[in-house]
Amino acid sequence: MLAASVISVALVAGTSFWSFGLYIDPLEREFGWSRWAVAGGFSIALLVGSVASPAIGRGVDRYGPRRVILLGAVLTAGSFLLLATTSALWQWFLYQSLAAIFRNMMFFIPYQTLVSRWFDRKRGLAVGILGTGFSMGGFVVVPILQAVIDTVQWEGSFVVSAILTVAVIAPLSLLLIRDDPSDMGLRADGDTQPEGEPPAPVVVTGLTDRQALRTPLFWVIALALMMFFFGMFGWTSHAVPYYESVGYSRWWAAQLLAIAAGSGIITRLVFGYIADRISRIEVAAMALCGCLTLSMVALLVTGGSVAGVVVFLMFWFVGSSGGPMIEPLLTARTFGIAYFASILGAIAIISQSGQIVSPIIAGAIFDATGQYDWALVMFACTMGLSLLLYWLAWKLPRPELPVVSVVTSGAGGEDAGQPAGG
């Protein structure tokens, strides 16, 4: 199940998140659109996707991740085919928005929900392994898509993305994904039931999304994540054009992005290992924000020289290691797993708002100044603010988690208790 999730996340991340920057220059040259307009398509898509996140989260909790992933794979492939037909700016905005909604059905929320259901004491390591899929998407898929764009243009890249989405994710979901360990007669972490022993009850605890929304900690965590993703996604979406703006070839720009992504294959495993051994993820998040701030400062001070990029990558390797992992780990530890997907969807509508505006602002800064220096200053400041918010979250007490149900860990997964929390 985890292996299938890693492969799926790698493909989705590679064809969407990591590849955004590959389309900026080709679309500018073909249609004469401004940089902020092209980036605006990504931002509007993220806005629509984040608004849809709470509904997707509730759907995952109600129908199970597997069904939602299968439907999302088919619809996402269709949206990629629509993107290949783009000829006007309004179409770029509309098709990107549709892709964002459907992509959310088979990306962050359902796979993080699977990991949270299937793993308990090894959850940090499991989330770390899942995070390597996010990194592999940039390391493996981005160079492939760049080669496709160079060969058959950007339209062909979207067609290839559509084919890969259906050909890879649908079969993996049908053959390997199961919604809950009890569907296979297992417990969390893959534990089996010893013969001759009665099924051990599994106590499920957690707040509902409405209860979580009433806690100050929810809003502090959501704002910290918003600032974190503002800087991280804003940089990633403009990394390729940034490298080109300071003199690197397009090939080298794509390779540097792939190197930065590939580093996460190791660093996210390390972060996951550490996460299982610390009581407060907020402390680790503060360290990550500090490293990402220094990475932006390194580029700003050195002007993107070879030495500056090397220093940048050193800090980026560490700072980005827990990027896609902080959100699910904080959510599970703070609010429980009973309504995990619904709460994750509620957090996403806030946290993803940082991703919505950062590409547009960075693109507008480049259009106005011809360089990315002030964008780097902006990214460094938002990372610093995120650090302060994580510090505040660390100081706030966590809510008490009510028992929602007691589930028998036998093959049937029968509910043996009554809801106690919402």
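This is a predicted model: local features need pLDDT of at least 70, side-chain atom pairs count only at pLDDT 80 or more; totals for chains, interfaces and linings use all residues.
Let's start with Ile274, which is found in helix α11. With a relative accessibility of 40%, Ile274 falls in the partly exposed class.

Now let's go inside. The largest nonpolar core has 127 residues. Those with the most contacts inside this core are Trp92, Phe228, Trp235, Tyr243, Phe312, Ile326 and Tyr390. Which helix gives the most to this core? That is α9, residues 216–245, with 19 residues. As background, nonpolar side chains in soluble globular proteins tend to be buried together.

Let me pick out Tyr243 from that list. Setting aside residues up to four places away in sequence, Tyr243 touches Trp235, Tyr248, Ala253, Leu256, Leu257, Val309 and Phe312. Two of those partners, Trp235 and Phe312, are also on the list of residues with the most contacts in the core.

Staying with α9, have a look at Met226, which has its place in that helix. Met226 counts as buried, because its relative accessibility is 18% and the cut-off for buried is under 20%. Beyond its neighbours within four places in sequence, Met226 is in contact with Ile350, Ser351, Ser353 and Gly354. Here is a pair to click on: Met226 and Ile349 sit 123 residues apart in sequence, while their C-alpha atoms are 9.3 Å apart in space.

That brings us to α15. How many of the 12 residues of α15 are buried? The count is 11, so α15 is mostly covered. Among the buried ones are Phe340, Ile343, Leu344, Ile347 and Ile350, along with Ser342 and Ser351. These buried residues of α15 pack against α3, α6, α8, α9, α14 and α16. As a geometry check, 12 residues at 1.5 Å a residue should span 16 Å, and the end C-alpha atoms of α15 are 16 Å apart, which agrees.

The buried residues here include Gly354, Gln355, Ile356, Pro359, Ile365 and Phe366. What do the buried residues of α16 pack against? They pack against α3, α9, α15 and α17. After α16 comes Gly370, with a positive phi near 80°.

Let's turn to charges. The structure holds six salt bridges. One is between the side chains of Asp25 and Arg29, at 2.8 Å from N to O. Those two are four residues apart in helix α2, so about one helical turn separates them. Arg29 counts as exposed, because its relative accessibility is 60%.

Another salt bridge joins Arg58 and Asp209, with the closest N and O atoms 3.3 Å apart. Arg58 lies in helix α3 and Asp209 in helix α8, so this pair ties together parts that are 151 residues apart in sequence.

Glu244 is partly exposed at 27% relative accessibility, and Arg250 is buried with a relative accessible area of 17%. Then there is a network: salt bridges that share partners join Arg280, Glu282 and Arg398.

Glu28 counts as buried, because its relative accessibility is 16%. Leaving aside neighbours within four places in sequence, Glu28 is in contact with Trp33, Ser34, Arg35 and Val38. Thanks, everyone, and I'm happy to bring any of these residues up on the screen.

Conventions. Residues are numbered from 1 along each chain as its sequence is written. Side-chain values use heavy atoms; hydrogens and water are left out. A nonpolar core is a set of buried Ala, Val, Leu, Ile, Met, Phe, Trp, Tyr and Cys residues joined through side-chain atoms within 4.5 Å. Buried means under 20% relative accessible area, exposed over 50%, partly exposed in between (1.4 Å probe, protein chains only). Contact means heavy atoms within 4.5 Å. A salt bridge is a side-chain nitrogen of Lys or Arg within 4 Å of a carboxyl oxygen of Asp or Glu. The expected span of a helix is 1.5 Å times one less than its number of residues.
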